[in-house]
Structure formats: C-alpha cells, structure tokens
Amino acid sequence: MKYAIVKNGIVVNVIEYDQQPSTPPAGFEDGHIAIQEDRANVGFIYANGQFTDPNPPELVEMPTMPTLTDMILADPIELAKLKQALGIA
Amino acid sequence: MEVATVSYNGSGTFQINTSGQPVVAGTVISSTAFNALTADLATGLSTAITKDGQTATTARIPFAAGISSTLVTDSSSTGTGSIITAGGAGIAKALYVGTTANVAGAVTLQSTLNVTGVATFSATPICSSLTASSAVATDASKNLVSVTNTGTGNNVLATSPTLVTPILGTPQSGTLTNATGLPLSTGVTGTLPVANGGTGLTSIPHTVQVFTSSSGTYTTPANCKAISVRMVGGGGGGAGTGTSATAGTAGGSTTFGTAFLTCTGGAGGFVTGVNQAGGTATGGDINIAGATAPGAVGGVTNFTGGVGGSTPFGGAGAGGCANATGSTAATNSGAGGGGGGGGTSTLTGGGGAAGAYLEKLISSPSATYSYAVGAAGTNGTGGTSNGGGGGSGLIIVTEYYV
C-alpha cells in the first residue's frame, strides 16, 4: 500500500509499505508521519484528514477537429466543386 | 734345502772326506784317496755361492743376518737395484723404502694402508666400494661413500655459489632481499595483508543490496571501502479517459542519505494535452531526468493512449488502444504507466512520466544512510478506460571491499 509521508502538513514523498510503518517511518527523521493514501502527490497539503493539490493543473480545452462537412462548407470553392459533382449547381 | 753333497753335513758344514785322511808324514798319497778328496773339494766349492754370480743358487738361501748391498744404482726398473727377483719378493714382516718406491704393476693391499705423508695420485684413483657418482662424502666411520646427486655441473660450496635453474624445494629458511623476478601470479602463496599494500582478501568481493520498496536505514557493511548507488524514482501513473477521467498520480521520490541523493518521481499522466515532466535527479555522478510523457490527445476517435516515459531500466507502459486500459509500467523500473485509450469523441489518457535516474560512486562511505524507495504513481481512471500504473522506484547498492 502507498503511504504519503507528511511533514508539517506537506506531502514530502510517497512510499509503498507492506504495512503501516512506525512514526516516524524508518529512514525518516522525527516529524514525519506516514498516511495511507493512493492518490497523493509530493507537494500536496494534508489538512483535516484530506489531501489537496495546492497547484491543481489547469484544464486545457482540446480543440475539436472539424469534420469533412464542416471543412467543405467553410470553403466556397470546395463547396462549388461538391455541388457540381452532385449536379445541383 | 737341497741335501748337501757328501762333504756337507746338511747344516752347511763342509766335512773333509776322511777316507785316507788325515795323512801323516811319510804317507804314500793314494790316488784314490786324493782323487776322492779333490772331488769332495770340487763338489764343495761348486756348491758354494760364488761372489761374482757365476752360479745360480738351487735352493732358498737363508740370510740370518739380512742382506746388505753396497750397490748404489737406483732401482728404477726390474733390471736395476740391489735386489732383482723374477718371482717376486715375499716380505714376512715390514718393508721400508728409503727414498722412492716405484711399482710398475698393480698393488693389491690386503690390509690397512696408513698414509702419514701426502698421497699424490697422478692418475684417477678408483674406489670399487663406491658407486658411480659425481660426489663422495664420509660416513660416520670416516669412510668414503658415494652420495646421491641431483642436477648437473659443478659442486656447490657455501659461499656465493652460482646456481643455474636450481629447484630448491622447500628451504628451511632464506632471505630474498636481492631476489628479483618473483612472479606474483604463481610465485607467492597466502594473502598479502592491507598493512603490506595488499587487500587481505583472496578474491575481489562485492556484494549487492537491492531495495525495492519502503524506507529504512542502509548500513554499510564492515570493511566496505566504497559503494556504488544506482537508483530511480517512481514512475507516474497513466491518466484515464472518458467521463470523470482522472490524472495519474506522480511517482514518489527515491532518496539515499539525508539531502544527498534524490531521484524525484515522474509526474502522473494528465487528462488534457499537457506533456508531463519526468523526475529530476540530484547528487549523482550521473543524473538523468525522467523521460517526459505525452499529454492527452483529443479530436481523433479511438486514438491510442500516451505511452509512459521510460528509464534506463526500460519498462514503460504502453498506451491503451481504443477504449482499453493503459499498460502498467514494469515494477521497479521507475517508468511511467501508459495512458488509457480514447473512445469516440473522447480524449486519450496521457502517459505517466518517468522517474529520474542517477548513479553515484561513494568512496569511504558513511556508516549508515537513510533511504526511501519512491512508490509508483497510481493510474488515473475514467468512464472510457483507465491508465496504467507507474513503475515503482529502485535502489541498487553495490558494495566493494578493495
């Protein structure tokens, strides 16, 4: 299981242990605690039993690729070619 | 002794024939008596030894007072000297030679030869009691005896001998101050201690400790002279796709020592088109940043999810195909997990970035080091497909004792 290593309310590392480690975990100095958490990243804030990302990633809207119809309708020359091919010009 | 003639009494006394003897004045000389007398005299004189050597003796002549010769001619052959004998000389007692004794023939000594002067052998003496050998010695009774030899050439004396390719066996002792050319690969036995510039070891050992998870304290083994540390941070998890997709989490940092060696984990794959950076390494002789993972791709139907970032250990997770879960990175590779595959009109999941990698050779290492192995990033989830988990970190410590 993954444990967030927290010091002063900040996740300083994420380590996998077979069982709940001691406090402080082996290899860490006093002031570190290990909290079982699968989705915390280093740098997360731990407060009130919750982990939060202080710098949540900004969602970027991905541009939607235009369809073939949209591309033809947007180009008068291509639209004329299409009408001529269909016999409706 | 030959029996004497009539006139000799057998003891060497000549006795006048008494027939018609003695005569007195007026005795008529009888021819018979006279002739007998003269015959006796002739016989007696003929039997006597003549001093000029006219006759040869017919019997062994006893010389009760010895023989003295005034002949001064040296005895230098069988024809010169005071005594010449064709049959040899038998000496019942002692033989004394005043000057030089020359013996032309062989001499057979049947008793002890006591030499008080110097014995000079112009020819090589042969001691039949000895066996063929190139050296002789004396035994406890001071007799000459043959000794067994080894090798060829000259006999060796104690001081400053020159030996050619000798095989010395196992000398009782020796001082090799001036010896050169000793081949170290074959000429020595035992182990050269550290105090003499050696290692005190019979081989060049090294041991390896591998840490695949958790944290703790590494203790440098006794007599360890150096350690080589290779380590990688945890890889980020791949992002999911579809409804309520979540990003993967970052891998944990792998550390060795306090603020000494650090490989941060790779970032988790994201749900939009943002590439995610790999971890960074500090403190190593070689510091390799984790590979960046591609962000999500949108606008293309059923596009494959982003592949995870790889490390020197490989193991990156492949992006999931359409609607499929991304692959989990290899355990302890530090690589990123693959992003989930996109579905219809959905973004693909971004791959997880790789943890950083470093190598460090530490001479004269400290007694202990704290360590922590970064956990793998958790995969993101989503309504269409999930990402793959990252690869956990790793520490490999190779310990050298020379």
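Reader: What conventions apply here?
Author: Residues are numbered from 1 along each chain as its sequence is written, and chains are lettered from A in the order in which they are written. Because the model is predicted, local features need pLDDT of at least 70 and side-chain atom pairs count only at pLDDT 80 or more, while totals for chains, interfaces and linings use all residues; side-chain values use heavy atoms, with hydrogens and water left out.

Reader: Is Thr311(B) buried or exposed?
Author: Buried means under 20% relative accessible area, exposed over 50%, and partly exposed in between (1.4 Å probe, protein chains only). Thr311(B), at 10%, is buried.

Reader: Which residues does Thr311(B) touch?
Author: Contact means heavy atoms within 4.5 Å. Leaving aside residues up to four places away in sequence, Thr311(B) touches Val232(B), Ser333(B), Gly334(B), Ala335(B), Ala354(B) and Gly355(B), and its side chain reaches the backbone oxygen of Ser333(B) at 2.7 Å.

Reader: How many residues does each chain bring to the contact?
Author: Chain B brings 35 residues and chain A 22 residues.

Reader: How many salt bridges are counted between chain B and chain A?
Author: A salt bridge is a side-chain nitrogen of Lys or Arg within 4 Å of a carboxyl oxygen of Asp or Glu. Between chain B and chain A the count is 0. By class, the side of chain B that touches chain A has 13 nonpolar, 22 polar and no charged residues, where Asp, Glu, Lys and Arg count as charged, Ala, Val, Leu, Ile, Met, Phe, Trp, Tyr, Cys and Pro as nonpolar, and the others, Gly among them, as polar.

Methods
A polar contact is a pair of N or O atoms within 3.5 Å; within protein, one must be able to donate a hydrogen and the other to accept it, and residues adjacent in sequence count only if both atoms are side-chain atoms.
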